[in-house]
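Here is a short walk through one structure. Keep the sequence and the 3D view side by side as you read.

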Amino acid sequence: MKIITLLNEKGGVGKTTLATHIAAGLAVKGMRVVLVDADPQGHATVALGLQKEPGLYDLLVRDAPFKNVLRFIPPQNYQVPNQAVTGQLFVIGSNVETRNIANSISDSFSVSERFHELDNSIDVIVFDTSPTPSLLHGSIYIATDAVLYPTTCEYLSFDGLVESIKHRQAAETHRGQWGLNKIEVLGIVPTMFRTKTLEHSENLNQLKQQFGSLVWEPITQRTIWAEAAAIRRPVFSFAPDSKAAEDAWNLVKRVQEAMVSVS
Ligand SMILES: Nc1ncnc2c1ncn2[C@@H]1O[C@H](COP(=O)(O)OP(=O)(O)OP(=O)(O)O)[C@@H](O)[C@H]1O
Ligand SMILES: [Mg+2]
């Protein structure tokens with residue numbers, strides 16, 4: 001089992017959108033996936049058709065068994081029409097109570113200890129996080145094998161990216177003290193990219209200069225992403241032949257390829 005976490009300390013850069021599409025896409029491709037909503041906004045929970053609920057709070061603070069918090073997502077909520085889903089997708093939900101987890105968990109290993117109970121039954125766990133750092137992020141860093149950073153090609157998103165990288169590096173110092181290895185950086189995904197905007201093109205070049213091959217193909221800004229979100233379906237389910245769906249599948253494929261090297 002591998003744990004992938006989506007991070008950027010700037011709000012609204014595409015963390016939840018990417019987390020839900022990666023989780024659903026990997027399930028379509030045959031993996032057993034758990035999407036964990038670690039944001040009190042509960043948007044990853046809602047995005048796959050569920051009601052907000054304190055799933056992660058119950059798991060980490062009330063010590064609930066997984067069977068009480070894992071919500072099975074029916075394939076019709078995310079499948080490509082007329083194409084069988086070969087994996088499985090579960091969500092651990094969130095609501096405003098997630099905000100209290102940081103004050104209530106006793107040690108940084110809480111997330112790691114609970115989620116490794118799934119070692120033999122799940123292939124991938126995807127964490128969607130909130131933009132505001134907290135002690136919950138600290139515990140997620142201890143559990144995480146690999147991170148993916150979505151960012152728009154704008155100044156404030158880059159600032160959020162830099163802050164997130166600093167916090168990951170600080171977390172790696174802690175991990176080192178406990179004999180844990182570094183967290184693999186899968187990549188940086190430019191999101192909501194406006195191809196005709198000079199500002200975005202220049203900023204993308206700057207990102208590539210700084211991070212080189214870690215920068216993945218940009219995902220173009222298209223209305224269809226918001227339309228799919230409004231009916232709580234992934235773009236490849238809502239509009240399978242769209243350019244947005246193509247971008248989403250390229251992302252899922254790249255995650256699958258990058259995960260191979262994660263130890
Ligand atoms: N490629 C895209 N084109 C157009 N709209 C997009 C695209 N990707 C995401 N969006 C929209 O942008 C908005 C913000 O995305 P999202 O909620 O994924 O960001 P976030 O980083 O999770 O935000 P927060 O930090 O508040 O949790 C959403 O309404 C989403 O539908
Ligand atoms: Mg979000």
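Which exposed residues does the face of H12 turned away from its buried side carry? They are Lys 243, Lys 253 and Glu 257. Bear in mind that this is a predicted model.

Stay with helix H12. It runs over residues 243-259, 17 residues in total. From its first C-alpha to its last it reaches 24 Å. That is close to the 24 Å expected at 1.5 Å a residue. Now find its buried residues. They are Ala 244, Ala 245, Asp 247, Ala 248, Leu 251, Val 252 and Val 255. These cover an arc of only 160 degrees around the axis, so they sit on the same side of H12.

Next, turn to the strands. Strand E7 spans residues 184-190. Of its 7 residues, 5 are buried, so the rest of the structure largely encloses E7. Its partner is strand E6, residues 146-151. The two pair in the parallel sense, over 6 bridges. One place to look is Val 147, which stands opposite Val 185 in E7. How does the chain get from E6 to E7? It passes through helix H8, residues 155-177. This β-α-β crossover is right-handed.

Technical notes:
Residues are numbered from 1 along each chain as its sequence is written. Chains are lettered from A and ligands numbered from 1 in the order in which they are written. This is a predicted model: local features need pLDDT of at least 70, side-chain atom pairs count only at pLDDT 80 or more; totals for chains, interfaces and linings use all residues. A residue is buried if 20 or more other C-beta atoms lie within 10 Å of its own, exposed if 12 or fewer, and partly exposed in between; C-beta atoms are placed from the backbone. Helices (H or I, at least four residues) and strands (E, at least two) are DSSP runs, numbered from the N terminus. Two strands pair if DSSP finds at least two bridges between them. A crossover is right-handed if, with the strands pointing away from the viewer, the path from the first strand over the helix to the second runs clockwise. The expected span of a helix is 1.5 Å times one less than its number of residues. The arc is that of the directions from the helix axis to the C-beta atoms.
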